[in-house]
Amino acid sequence: MRKIAYLFGGLAAAGAGTYLVVYLYRWQWQRAMLCGVLLLVVEVMLLGIVLLGRLTRIENRLRDSDRRQRELAARQEDALARLRGAPESAADSGRFRWLEDPAERTYVFVPVLMVTGVLLSGLAWVVQRIASATARPAERRLAGRLAVLTAPNPASPDDLEDLADLPPYGVRRDRRRTVRTAAVGTLGVALLGGLVVGLAHFTQTREENADDSAATSVVVRVDMRGPDVTTQRRALAAEQVWERCRDSTSVPLRHATLGDLGDGLYAGVVRPALTEHDRMRLRGCLEDATLERAHLTVVGIGDADTDDD
């Protein structure tokens, strides 16, 4: 599902970016802004998908880390029980065995030696209790160190999978991934630089040679949507767009008028004649989506001589 989202987002971003460049080249700023907003939305969506995937992986790692900590604590307790159990069993089996002999046997002891033995036994018992009470932290630390060396639990195959994913010890990482990443980064930077330079080349205003013609004629068609489309509304829409595009060229269209030819067609005459770059800017301004429920299409644009009607 994530790959499908990446594919859809990549195609949408590529389409929005392509049309953004196309509309900027055509000097259609309203459409370019719409494509730019769409591109920004798609990029935010892709960023959200990437962040969601990263957060999911972090959550899974934290869950695995908690599970491993619990298993490590269990191993530590097991090792601690073994460390505590082995010495105590040996000590219990050999502590004062002569006291456990049957009473029928008789021994000859000097009274002083008997009293001394009792005192020494009591002192040894006190020392043993103190040692066992103070040795617990050391045993726990030793058990914690030994828990790392214990074998994984056979009932959980996740540990074996984690060990299989690790690279062999002493083997260097593959350098082809680094080279591939560097090549892709360099290509991306080069494409971005070419895009910026090409866009600046196509959209910048240059000084061009003046046209020898006397005027430039422009024929546009007005298409409107809605139930109340009338001739007056068409004429008003054409006039609004034409007035807005008067200053879209390098030379303001001060004495340019727009006449009605019928059937939704309107003609305008611009004096002096426009250069090729100004024609492209005027066409882009007229065909841009700036008026609600109205769309202008440039049917034809060309030079007109003084003797033309």
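Q: What is the relative accessibility of Tyr19?

A: The model is a predicted one, in which local features need pLDDT of at least 70, side-chain atom pairs count only at pLDDT 80 or more, and totals for chains, interfaces and linings use all residues. Residues are numbered from 1 along each chain as its sequence is written, and side-chain values use heavy atoms, with hydrogens and water left out. Residues are classed as buried (under 20% relative accessible area), exposed (over 50%) or partly exposed (in between), with a 1.4 Å probe and protein chains only. Tyr19 counts as partly exposed, and its relative accessibility is 47%.

Q: Which residue forms an aromatic pair with Tyr19?

A: Rings of Phe, Tyr and Trp (its six-membered ring) pair if their centres lie within 6.5 Å; planes under 30 degrees apart count as stacked, over 60 as edge-to-face and the rest as tilted. Two aromatic pairs are present in the structure. One of them is tilted, with 5.9 Å centre to centre and 35° between the planes, and in it Tyr19 is joined by Tyr23.

Q: Why are Tyr19 and Tyr23 separated by about one helical turn?

A: Helices are DSSP runs of H or I with at least four residues, strands are runs of E with at least two, and both are numbered from the N terminus. Tyr23 is buried, at a relative accessible area of 14%. The separation of Tyr19 and Tyr23 is about one helical turn because they stand four residues apart in helix α1 (residues 2-25).

Q: What is the angle between the planes of Trp27 and Trp29?

A: Trp27 is buried at 9% relative accessible area, while Trp29 is partly exposed at 40%. The aromatic pair of Trp27 and Trp29 is edge-to-face, at 5.1 Å centre to centre, and the angle between the planes is 80°.

Q: Which residue lies over the face of Trp27?

A: A charge sits over a ring if NZ of Lys or CZ of Arg is within 6 Å of the ring centre and within 35 degrees of the ring normal. For Trp27 the distance from the ring centre is 4.3 Å, and the residue is Arg281.

Q: What is phi of Trp27 near?

A: Most residues other than glycine have a negative phi. Trp27 is placed in the loop between α1 and α2 (29-93). Phi of Trp27 is positive although the residue is not glycine, and the value is near 65°.

Q: Is Asp263 buried or exposed?

A: The loop between β2 (257-262) and β3 (265-270) holds Asp263. Phi of Asp263 is positive, near 60°. With a relative accessible area of 78%, Asp263 is exposed.

Q: How far apart are the C-alpha atoms of His201 and Tyr25?

A: His201 belongs to helix α6 (residues 175-203) and is partly exposed at 45% relative accessible area. Along the chain, His201 and Tyr25 are 176 residues apart, and their C-alpha atoms are separated by 9.5 Å.

Q: How many Å does helix α8 reach from its first C-alpha to its last?

A: Buried residues of α8 include His277, Asp278, Arg281, Leu282 and Leu286. The expected span of a helix is 1.5 Å times one less than its number of residues. Helix α8 (residues 276-287) has twelve residues; 16 Å is expected, and the reach is close to that, at 17 Å.

Q: Which strand gives the largest share of the lining of the largest cavity?

A: A cavity is a set of points, on a 1 Å grid over the protein atoms alone, where a 1.4 Å probe fits but cannot get out, and lining residues have an atom within 4 Å of a point. Val241, Leu286, Asp288 and His295 are among the residues that line the largest cavity. The largest share of that lining is three residues, and they come from strand β4 (residues 294-304).

How values were computed
1 Å grid on protein atoms, 1.4 Å probe; cavity = no way out; pocket = protein on both sides within 12 Å on 5 of 7 lines; lining within 4 Å.
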